[in-house]
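I opened this complex to see which chains meet and what holds each contact. My notes follow in the order I looked things up.

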Amino acid sequence: MLEKALTGSKKYWAWIIFLLIVIAVGFMAYLRQFSYGLGLTGMSRDVSWGLYIAQFTFLVGVAASAVMLVTPYYLHDFKKFGKMVIFGEFLAVSAVIMCILFIFVDVGQPMRILNVLLYPQLHSVMFYDMCVLCGYLAINIVVGWTSLGAERKGIPTPKWVKPLIYLSVPWAFSIHTVTAFLYAGLPGRHFWLTAIMAARFLASAFAAGPSLLIVLLLIVRKVSDFDPDPPGVGAIQSLVKIIRYAMIANVFFYICEVFTAFYSSIPDEMAAFKYVFVGLDGHTSLVPFMWTATFLAFLGIALLVFPTRKNKVLLPIALLSIFFANWIDKGVVLIIAGFVPNSFDRVTEYFPTSNEISIVLGVYAIGFLLLTVLYKVAISVREEKAQ
Amino acid sequence: MSINRRQFLKRAGIVTALGIGGSIGLHGKIVEAAAEAGYKTSSQALNAKHWAMVVDMSKFKSEDDFKKVAQSCVNIHNIPDFGNPKDEIKWIWEDDYEHTFSGGDNEYLTDSFKELPFVVMCNHCENPPCVKACPTGATFKKPDGIVDMDYHRCIGCRFCMGACPFGARSFNYRDPRPFIKQINPDFPTRTPGVVEKCTFCVERLAVGQMPACVEASNGGLIFGDLDDPKSEVRKIVSTKYTIRRKTDLGTQPSVYYLVGGGDHA
Amino acid sequence: MYKGGKIIASLIIFVAFLTFPFFYNMGKANAGPENLAANTKITANTQCVEPASYMLANHMQLLNQWRQAYVRDGLTEYTNSQGQTFKDNLNTCIQCHSTGAVSNTVGLSNPAVKNVGVSSSAVNTSDQFCVSCHNYASVEPTCWSCHSEPGGATK
């Protein structure tokens, strides 16, 4: 079926070539980093994780969000999502591969990365993270490809796929919970040491992932003959309901965090929140990000609560607001603010370098390339079947 | 017997996976088994059940008291000086009371106490969160209590740096060799991409010597086996007033600061 | 052939990629350790940690075991098959296998140089003994990015 990705319109090829250029630039930047060391990034002794791990954290959520389509459709027979599930699974594949790539570019000795499997440490959350990520990737590739292949041939999906699908549901929850546990179990980082971290991760994932998915599906509708949500089905609006409540839960959890920090007035609890909302010791680099995220979050929720969610122009705006609010929260603020203040109560700020940003964009481009190819295959199969 | 392409590929895949999986499993076992034969510790080695350090604050009054201690470590361990705090690598350094100890800010402390140089290094915790975090076992706890580093196995994920509540660990963000003033050929430098920290001079203890900082401190740093009732560290810790960093986190640090006693309040 | 032009062009590019290492290195060769067999005839009182024939075949395995024992198990002494004890430390090797070091009392560094002479063009005259074989075999160990090279030399 991959050959379907080799035929396309001029716009398709222009997009592919654009992505390849971004990938090439990112790759050259990575070669520089590989030879010099991670000092080419903005990371420091105090802020030892930066944009790479932050993108990984955010994208694990996007990957997990496929479960929001799989569960209603397969477990609860919610037929409306029927045409969309494959796109959710392929988005998950692309997101997990980006996660793995972000870890690879962040690690100081990438050639030794198999040490995690050669010398497994059962007490390390990171070991489990590698296992669940690779497992989830395998499940989604197998399930997605097999079911699409069966659909193309016009035969029912083989029986052995069903148990894998059922497995993917708790597995999706687990990848994001394990990732949250990376942060929530560290005794010295008070911004992260909260029981609600895993719940926040899941809520933001189930808001951000499906938001991106719907935006992508609207694009699919525009660029192809295939409509994943034909008029009268209402699949997108059903998914919008899920996004709305997930985002409300996410914001509520955040408010809970802020309350605990400030009502208790414990300095260690308040410090990082002060840093991101008003600045700490005169350091304010994350403040504009945090307030933008707050504004976008409330804007997105409002647009989805009111009938504006049915508006053709306002719906994508609402979804993108929610997506970017979550991206700022997880992909920019969460990781960096975890290191502020440092173990000595001092503030070291983090500013990504241009080399680092090139690598980030390169990895995103690889993810989008994969997404484009997989979506093209799915769309082509469906278009073919429709004839 | 004829098989089609799909069956052939399936069978080839299974055999390959078995082969690779099997060899990976065996690999770890072979290296570990071979290491058992014919190896022993030196007769001069210093042994303990729980190495610990007491920092006698009465001996650290000025910058100079501290400088020779730090220099001894830098010299023998090939610690680079990058000249900027971003890439900085430090195994032993000093900070003031307010920043070293949690809840240390108290505006009514005497000025002299506020400015005292508290020597800080890895605390070799009894319950180390960094060891828990490490996915490869590159940092591990030895039976004698020291939290050691294996630079060969470290993949540079920096999870341990996030886990350490004391900021004791440094990462090699770039090649350290050009920045080492005088390389000591008897101790390796490190390569970019690995994390490093104080290891209570395991290599010196193995040949019967005290850690370099202890020797250079002129009695300011007292090192010994906390499990031995006759050791000086045990006597100090059980009879005088000592404090440790961030004890509420439960990591049980092994570095004690002797602050109780006459000279300073 | 359907789309024959594109297929043949892609095939040519693919074969070029595949055979690139051979083209790139055509005509070049790293100098090898000449006369390796002669070098193992070392005088009676200059034995390596284990007999030379064993070391030839197994030095990497021994180094791996030493690393495991010293770094992770804290076992700093190795007793060889003849009952002699050595420190299982890379410095033990460097004591002999390095020209410049004061501790090199045996005079051995790169046996190839000693036995065949610097004048032989095929002999790699590096006094970093490990390098003389490893460059030739193109199997480069990463030891020296951390450990100080023989002779105490630094980059």
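**Which chains meet**

I checked chain A against chain C first. No contact joins chain A and chain C. Their closest C-alpha atoms lie 12 Å apart. I note here that this is a predicted model.

Two pairs of chains are in contact, and chains A and B share the most contacts.

**A against B**

I went to the contact between chains A and B next. It takes 33 residues of chain A and 41 residues of chain B. On the chain A side, I looked for elements supplying at least two residues, and found α5 (115-118) and α6 (125-153). The largest share of that side comes from α5(A), with four residues. I then sorted the chain A side by residue type: 15 are nonpolar, 13 are polar and five are charged.

**B against C**

I turned to the other contact. Chain B gives 23 residues, and chain C also gives 23 residues. On the chain B side, α1 (5-34) and β1 are the elements that give two or more residues. α1(B) holds the largest share of that side, three residues. By type, the chain B side divides into ten nonpolar, six polar and seven charged residues.

**A sheet across two chains**

Which strand of chain C does β1(B) join? Strand β1 of chain C, residues 77-79, is the partner. Two bridges join these strands, and they run antiparallel.

I then went through the facing residues. Tyr39(B) stands opposite Tyr78(C). Lys40(B) has Glu77(C) as its bridge partner.

The whole sheet is open and has three strands, in the order β1(B)-β1(C)-β2(C). Its pairing is antiparallel. Why do two of the strands have a side without a neighbour in the sheet? β1 (39-40) of chain B and β2 (85-87) of chain C stand at the edges, each with a single partner strand, so one side of each is left without a neighbour.

**Chain C**

I counted the elements of chain C: six helices and two strands. Along the sequence they follow the pattern α-α-α-β-β-α-α-α. Chain C has 155 residues, of which 24% count as buried. I also took the contacts in chain C with a separation of 6 or more; residues 24 or more positions apart account for 44% of them.

**Chain B**

Chain B comes to nine helices and eleven strands. Its radius of gyration is 23 Å, well over the 18 Å that the globule rule gives for 265 residues, so chain B is more spread out than a compact globule. I checked the extents as well: the C-alpha trace of chain B spans about 95 × 40 × 40 Å along its principal axes.

I looked at the domain division next. Chain B is divided into domain 1 (1-39) and domain 2 (51-258). The centres of these two domains of chain B are 43 Å apart, taken over C-alpha atoms.

Of the 265 residues of chain B, 43% count as buried. Among contacts in chain B between residues at least 6 apart in sequence, 64% join residues at least 24 apart.

**One residue: Arg204(B)**

I picked out Arg204(B), which sits in helix α7 (residues 202-205) of chain B. Is Arg204(B) buried or partly exposed? It has 18 C-beta neighbours inside 10 Å and therefore counts as partly exposed. Leaving aside neighbours within four places in sequence, Arg204(B) is in contact with Gln209(B), Met210(B), Pro211(B) and Ala212(B). I also took its distance to Ala17(B), 187 residues away along the chain: their C-alpha atoms are separated by 45 Å.

**Nonpolar cores**

Last, I looked up the cores. The largest nonpolar core has 193 residues, and Ala63(A), Cys99(A), Ile336(A) and Ala337(A) touch the most other members. Helix α4 (residues 85-106) of chain A gives the largest share of this core, 16 residues.

I followed Cys99(A) further. Beyond its neighbours within four places in sequence, Cys99(A) is in contact with Phe56(A), Leu59(A), Val60(A), Ala63(A) and Leu133(A).

A second, separate core has seven residues, including Tyr39(B), Leu62(C), Trp66(C) and Leu75(C).

Key:
Residues are numbered from 1 along each chain as its sequence is written. Chains are lettered from A and ligands numbered from 1 in the order in which they are written. This is a predicted model: local features need pLDDT of at least 70, side-chain atom pairs count only at pLDDT 80 or more; totals for chains, interfaces and linings use all residues. Two strands pair if DSSP finds at least two bridges between them. Two residues are in contact if their C-beta atoms, placed from the backbone, lie within 7 Å. Ala, Val, Leu, Ile, Met, Phe, Trp, Tyr, Cys and Pro count as nonpolar, Asp, Glu, Lys and Arg as charged, and the others, Gly among them, as polar. A residue is buried if 20 or more other C-beta atoms lie within 10 Å of its own, exposed if 12 or fewer, and partly exposed in between; C-beta atoms are placed from the backbone. Domain bounds come from an automatic or database domain assignment. A nonpolar core is a set of buried Ala, Val, Leu, Ile, Met, Phe, Trp, Tyr and Cys residues joined through C-beta atoms within 7 Å. The radius of gyration is taken over C-alpha atoms; the globule rule is 2.2 Å times the number of residues to the power 0.38.
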